[in-house]
Amino acid sequence: PQNNKVVEFALSPTTEAQQAAEKAIRDGHHRTIVLAPSNPLGQRMVDAFEQKWQSLGGTIATTQYYTATDTLAKNIRAALQVTSGKQQPHQTGQVLP
C-alpha cells in the first residue's frame, strides 16, 4: 500500500554546492580548493560554488577537475602543490594558510 503522507525531495547539486559554500564561510573558512568531476554537472557545481563563495568574501586557491576517481589523489596533490605523498601537512600552508 502506498503511504500518501510521505514526501521525498532532494536539493539540486548546484543548490548543495551553494549551501556548502555558505556553511564553510560560517565555519570560519575563507580560502578553499575546489575539486570536481570533469563533466558538465561538475562545471555547473563549480560555477555555483565559486559564485556563492566569492560573493561571501571567500577566495578560491585553485580549482582542479578530475576525470576518474583513480586520478583524484593526483589532482589533490596538484591542488596542494605537493610533489610527493610524503610531504608533511604544514608544507601545504602556501596554498591554504
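1. Helices (H or I, at least four residues) and strands (E, at least two) are taken as DSSP runs and numbered from the N terminus. On that basis the chain has 3 helices and 2 strands, and from the N terminus on they run α-β-α-β-α.

2. This is a predicted model, in which local features need pLDDT of at least 70 and side-chain atom pairs count only at pLDDT 80 or more, while totals for chains, interfaces and linings use all residues. Residues are numbered from 1 along each chain as its sequence is written, and side-chain values use heavy atoms, with hydrogens and water left out.

3. Burial and contacts. Buried means under 20% relative accessible area, exposed over 50%, and partly exposed in between (1.4 Å probe, protein chains only). Of the 97 residues of the chain, 24% count as buried. A contact means heavy atoms within 4.5 Å. Among contacts in the chain with a separation of 6 or more, 61% come from residues 24 or more positions apart.

4. Helix H2, length and ends. H2 covers residues 40-55, and its 16 residues should span 22 Å at 1.5 Å a residue; the end C-alpha atoms are 23 Å apart, which agrees. The expected span is 1.5 Å times one less than the number of residues. Just after H2, glycine 57 has a positive phi of about 95°.

5. Helix H2, packing. The buried residues here are Gly42, Val46, Ala48, Phe49, Glu50 and Trp53. They pack against helix H1 (13-26), strand S1 (31-37) and strand S2 (59-66).

6. Aromatic pair. Rings of Phe, Tyr and Trp (its six-membered ring) pair if their centres lie within 6.5 Å; planes under 30 degrees apart count as stacked, over 60 as edge-to-face and the rest as tilted. The structure holds 1 such pair. Phenylalanine 49 and tryptophan 53 have ring centres 5.5 Å apart and planes at 15°, so the pair is stacked. Both residues lie in H2, 4 residues apart, about one turn of the helix. Phenylalanine 49 is buried at 13% relative accessible area, and tryptophan 53 is buried at 1%.

7. Nonpolar core. The term covers a set of buried Ala, Val, Leu, Ile, Met, Phe, Trp, Tyr and Cys residues joined through side-chain atoms within 4.5 Å. The largest such core has 11 residues, including Ala17, Ile25, Val34, Val46, Phe49, Trp53 and Ile60. H1, S1 and H2 are the elements that give two or more residues to this core. Isoleucine 60 touches Thr32, Val34, Phe49, Glu50, Trp53 and Gln54, leaving aside residues up to four places away in sequence.

8. Salt bridges. The rule asks for a side-chain nitrogen of Lys or Arg within 4 Å of a carboxyl oxygen of Asp or Glu, and the count comes to 2. Glutamate 22 pairs with lysine 52, the closest N and O atoms being 3.3 Å apart. Glutamate 22 is in H1 and lysine 52 in H2, so this bridge ties together parts that are 30 residues apart in sequence. Glutamate 22 is partly exposed at 26% relative accessibility, as is lysine 52 at 24%. In the other bridge, aspartate 27 meets lysine 23 at 2.6 Å, N to O. Aspartate 27 is partly exposed at 44%, and lysine 23 is partly exposed at 41%.
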